[in-house]
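Hello,

Here is the structure I promised to pass on. Please open it beside this email and follow along.

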Amino acid sequence: ELVYNNTNGRIRAANWYKNDTLHGMRYVYTTVGILDSIQQYRNGRKNGLQRVYGKEERIALKKIQLVRNDTIIYERRYDYGGELQAIEYYKNGLLDGECRYYTTHYYGIDTTATRICNYKSGKKVGEEREYRGKGVLSSITTWNEGVKHGKSLSYYNDGLKYKEVNFVDGKKNGEEHMYYYRDTVLYSHHINRFNMDTLHGKQIEISAKGDTTAKRWYNEGRFDSSITYKYSEAGKLYMEMRTTLVNHGETTSQYFQEYWVSEGVLLYHTNTVSSGGRNYYGYDFDGKMTTYYPDKKIHYQQWWENGEQDSLYSGWYENGKKMFVCKVSTGRLAARPDIWNEKGVKLVAGTDAYNTIFNEEFATRLQIDTKLYDPAKDKIQVAWGDRNSEMIGVEDMDGGDGDNLQWDRYDKKSR
């Protein structure tokens, strides 16, 4: 036995030799004298169990290896609390066989999970399963030569299926199914199609009732067009929105079409060109929106900038006569609107006829900020809300018939 010491006098290592070659036990310590590892040698090469410890103020087993002629065969790893983290098998120094991995307890919370997978010559093969606490299955993945190949499944915490997708050579290929639940009741099923990890073709969203709620088309990963369908609680279709992506050189524009229908009857539709923007279904408008009557005559025309209605806002009657024109600033009424009746006669602000149209077309569609424009100064009676606060209408469709609109109002604080 030969003992080595650090300059501080503490032991650094204790080795056993035979014929001037490491043979037997070898003890290695940290600079402060804490045991770091216990190694076994035979004729100068590691053989037998090798133990590695943590470097805390106490001895904590961190790793055990079974080694034969310097080549690892088996390994068990532990965290600093002594909880098992991994069991691995090796062949010719490479992972080979079934391996298990564990997530241990932290801060008193049970986060125990297990991952079971198989290796061959250092590469994952076959089925890999991951579990959450208490043995709840989290995912199943199929591997071939170290890459995902075949069906892959993942699950929610309660065991319900979340995703199913197929891989080819590590890339998504074919249909991907995703399931969304409220509590334990399925409410949406998405089907995405991939071509070697790239979205391509038609993507579909289906409600729990079997209604198609959205269709999207991709061309080699680039969004091309979509149709979104909205249904009432009674299951009646009341809105259909079409979106088409148009490229103009280095800029991108989006073209939106909305069709509002009831019992199969078109109520009106909207066309919008948005230059690189988004609309109020998740996109910030930056362009012109035009709304049409069923006979394709213009109903409304609005301008948007950075997601907010801005500039002029105009409306027309079904007979083609202008109904109103007003100035809008960042979604707020900025000046007194000019309003006409169906015969083309301009109405006087504050009259009953003027107030009726004002309340129908502005008070429920735009915010009224009295710092920009106060209707009371023009004797305009706002039918609802507090004129001294910002107001916004919140639309609640009932049955999708286009006639039953309920509006709530909020002041600045509650909004």
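How many salt bridges does the structure hold? The answer is 16. Keep in mind that this is a predicted model.

**Salt bridges**

Start with Arg-77. Its partner is Glu-88, and the closest N and O atoms of the two are 3.0 Å apart. The pair links distant parts of the chain. Arg-77 is in strand S8 (residues 71-78), while Glu-88 is in strand S9 (residues 84-91). Eleven residues separate them.

Is Glu-88 buried or exposed? Glu-88 counts as buried, because its relative accessibility is 5% and the cut-off for buried is under 20%. Arg-77 has 26% relative accessibility, so Arg-77 counts as partly exposed. This pair also belongs to a network of salt bridges, in which Glu-75, Arg-77 and Glu-88 are linked.

Next, look at Arg-193 and Glu-175. Their side chains meet in a salt bridge, at 3.1 Å from N to O. Arg-193 is partly exposed, with a relative accessible area of 25%. Glu-175 is also partly exposed, at 37% relative accessibility.

Arg-100 and Glu-98 form a salt bridge through their side chains, with 3.2 Å from N to O. Arg-100 is partly exposed at 31% relative accessibility. Glu-98 is partly exposed too, at 38%.

**Nonpolar cores**

Now turn to the cores. The largest nonpolar core has 21 residues. Which of them have the most contacts inside it? They are Tyr-313, Phe-324, Leu-333, Ile-339, Phe-358 and Phe-362. Strand S29 (322-329) and helix H1 (352-363) each supply at least two residues of this core. H1 gives the most, with five residues.

Pick out Ile-339 and see what surrounds it. Leave aside its neighbours within four places in sequence.

Another core lies apart from the largest one. This other core has eight residues, among them Ile-72, Ala-86, Tyr-90 and Cys-117.

Best wishes

Conventions
Residues are numbered from 1 along each chain as its sequence is written. This is a predicted model: local features need pLDDT of at least 70, side-chain atom pairs count only at pLDDT 80 or more; totals for chains, interfaces and linings use all residues. Side-chain values use heavy atoms; hydrogens and water are left out. A nonpolar core is a set of buried Ala, Val, Leu, Ile, Met, Phe, Trp, Tyr and Cys residues joined through side-chain atoms within 4.5 Å. Buried means under 20% relative accessible area, exposed over 50%, partly exposed in between (1.4 Å probe, protein chains only). Helices (H or I, at least four residues) and strands (E, at least two) are DSSP runs, numbered from the N terminus. Contact means heavy atoms within 4.5 Å. A salt bridge is a side-chain nitrogen of Lys or Arg within 4 Å of a carboxyl oxygen of Asp or Glu.
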